[in-house]
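Dear colleague,

I am handing over the structure discussed for your review. Please find the sequence and the coordinates below, followed by an account of what was found.

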Amino acid sequence: MGNCWGAQVKAESSSHSVFASVHIIFGCIGANSRYSKRDGKLSGSSSRVSAASVPPTPRSEGEILQASNVKSFTFNELKNATRNFRPDSVLGEGGFGSVFKGWIDEHSLAATKPGTGIVIAVKKLNQEGFQGHREWLTEVNYLGQLSHPNLVKLIGYCLEDEQRLLVYEFMPRGSLENHLFRRGSYFQPLSWNLRMKVALGAAKGLAFLHSDKAKVIYRDFKTSNVLLDSNYNAKLSDFGLAKDGPTGDKSHVSTRVMGTFGYAAPEYLATGHLTAKSDVYSFGVVLLEMLSGRRAVDKNRPAGEHNLVEWARPYLSNKKKIFRILDTRLGGQYSLGGAQKAAALALQCLSIDSKYRLNMDEVVSALEQLQDAKDTGRNPHTERKGSSQNVGSNLHRYRRRSLEEAGSRKGAHARSSASPLYA
Ligand SMILES: Nc1ncnc2c1ncn2[C@@H]1O[C@H](COP(=O)(O)OP(=O)(O)OP(=O)(O)O)[C@@H](O)[C@H]1O
Ligand SMILES: [Mg+2]
């Protein structure tokens, strides 16, 4: 790594027709960077792949779109569904564009008047070339085939001239990020029990992806990609960075280092070797964000506290000190035992050596036990008054991109403010 800046690199594959034509300017991606192929060929089946079947891996853009089994919308249809992408229907903004609220008919999927039919979320990509297109296509590839209660449902897409859009089921409670870090009347601090419920739902989503049925590495697990339905069931969104897991006797997939600062596993950052355990590390970061109410990276905090994992690690491993990292807004909602178990779980997921990390099935079991225990008795250590220092104020989130691009592009983006659109 290191001396490849500015080199034109054939992204991901030279032999894979999906991405064969995609060339992007990037930093070094590692000598053996390639797209990991899975043997399965695109099946002609029109039924949506369920949690009980293996998703075929399509090869070409045409095949992906044909196989996705979701609706192909025209740009005009989505324009009508979102009232011409009205600024006041923006649900949120990410590094690749804005997400708008819209309405369609449940059966015909045609645009309807606001307030009638079903609500959708329409992600409109900024027109920024091949990188955006590739992630758009990857998302259609995976979400168009995988179906699970803890994955957000892709309803359709639009590919018209330069326009790239994705249409999802609307998630009424928005992202976990909003609930953890945003102030405002709608986004109240999540209770301990809800945090544990959300953690379990998200863990189940990852466990499904890692299972033999799907064999997918998600690669972008973070609070903004965990969306919540009206009952706080968590669903993973944003599959633009997902990869097929290693096949045969391979232990990892070699790839560019992509993701979001603060969430990527150390060995992946160092080597570009991606495994399901990279997702487990990211899960540990998110669990820690949920326990602490702090962002993974927060430059507004005092020196020594910018990186959540580095700051919290010594406290996580000391049963008597974990209260120092727990979100004061939780008050006395948790028991000593429950908090210690959750902290121990986060610590295990965050093991520097990936072989000591649990797998996601084990994480699910541990979280289920925590739920079953329901030992939420009050703890005197947590009776302290809430402190505003735990209310996330940092807007320095980095857009999703090659981490090797750091410093060469705009590094932060402001979030839109809390929105009544979720009500
Ligand atoms: N299906 C949905 N239902 C409701 N709100 C959504 C939906 N999808 C996205 N959002 C909202 O839009 C925001 C932006 O989503 P998007 O995936 O574009 O970016 P992000 O995840 O915040 O950041 P990044 O680009 O780094 O992944 C989310 O944080 C969420 O609040
Ligand atoms: Mg997202």
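At what angle do helix α7 and helix α8 pack, and how far apart are their axes? Helix α7, formed by residues 276-292, packs on helix α8, residues 308-316, at an angle of about 70°, and the axes are 11 Å apart. Angles of 65 to 115 degrees count as roughly perpendicular, and α7 and α8 are therefore roughly perpendicular to each other. On the α7 side the contact is made by V285, L288, E289 and S292, and on the α8 side by L308, V309 and A312. Sorted by class, the residues of this contact are five nonpolar, one polar and one charged.

Please note that this is a predicted model; the remaining findings are set out below by topic.

The chain as a whole

The chain has 423 residues, of which 44% count as buried. Its secondary structure comes to 10 helices and 16 strands. Among the contacts with a separation of 6 or more, 67% are accounted for by residues 24 or more positions apart.

A second helix pair

Two packed helices are described by the angle between their axes and the distance between the axes. For helix α9 (residues 336-349) and helix α10 (residues 360-373), the axes come within 10 Å and cross at roughly 170°. Angles over 145 degrees count as roughly antiparallel, and α9 and α10 are therefore roughly antiparallel to each other. From α9, the residues G338, K341, A342, L345 and C349 meet V363, A366, L370 and A373 of α10. The classes represented in this contact are seven nonpolar, one polar and one charged residues.

The surroundings of ligand 1

Ligand 1 is surrounded by 25 residues, and the closest are G92, G94, G95, A121 and S224. The elements giving two or more residues to this shell are β4 (90-94), β6 and α4 (176-181). Of these, β4 gives the most, with four residues. By class, the shell holds nine nonpolar, 10 polar and six charged residues.

The annotated position K124

An unreviewed UniProt entry carries the annotation "binding site", which covers K124. In the model, K124 lies in strand β6, residues 118-125. Is K124 buried or exposed? K124 counts as buried because it has 21 C-beta neighbours inside 10 Å, the threshold for a buried residue being 20 or more. Not counting residues up to four places away in sequence, K124 touches F85, G97, S98, F100 and L165.

S68 has its place in the loop between α1 (61-67) and β3 (71-72). Its 22 C-beta neighbours inside 10 Å are why S68 counts as buried. S68 and V140 are 72 residues apart in sequence, yet their C-alpha atoms are 6.5 Å apart in space. Leaving aside neighbours within four places in sequence, S68 is in contact with V140, G144 and Q145.

F75 lies in helix α2, residues 75-81. With 15 C-beta neighbours inside 10 Å, F75 counts as partly exposed. Which residues are in contact with F75, leaving aside its neighbours within four places in sequence? They are C158, E160 and Q163.

K215 is not a glycine, but has a positive phi of about 50°. K215 is found in the loop between α5 (192-210) and β9 (216-217). K215 counts as partly exposed, with 19 C-beta neighbours inside 10 Å.

Y232, which is also not a glycine, has a positive phi of about 65°. The loop that holds Y232 is the one between β10 (226-228) and β11 (234-236). With 17 other C-beta atoms within 10 Å, Y232 is partly exposed.

With kind regards

Technical notes
Residues numbered from 1 in each chain as written. Chains lettered and ligands numbered in written order. Predicted model: local features only at pLDDT ≥ 70, side-chain atom pairs only at ≥ 80, totals over all residues. UniProt positions renumbered as here; feature names shortened; annotations may be inferred. Buried ≥ 20, exposed ≤ 12 C-beta atoms within 10 Å, placed from the backbone. Contact = placed C-beta atoms within 7 Å. Axes fitted to C-alpha atoms, helices over the stretch in contact; angles between N-to-C directions. Parallel < 35°, antiparallel > 145°, perpendicular 65-115°, else oblique. Nonpolar A, V, L, I, M, F, W, Y, C, P; charged D, E, K, R; others polar. Near = placed C-beta within 6 Å.
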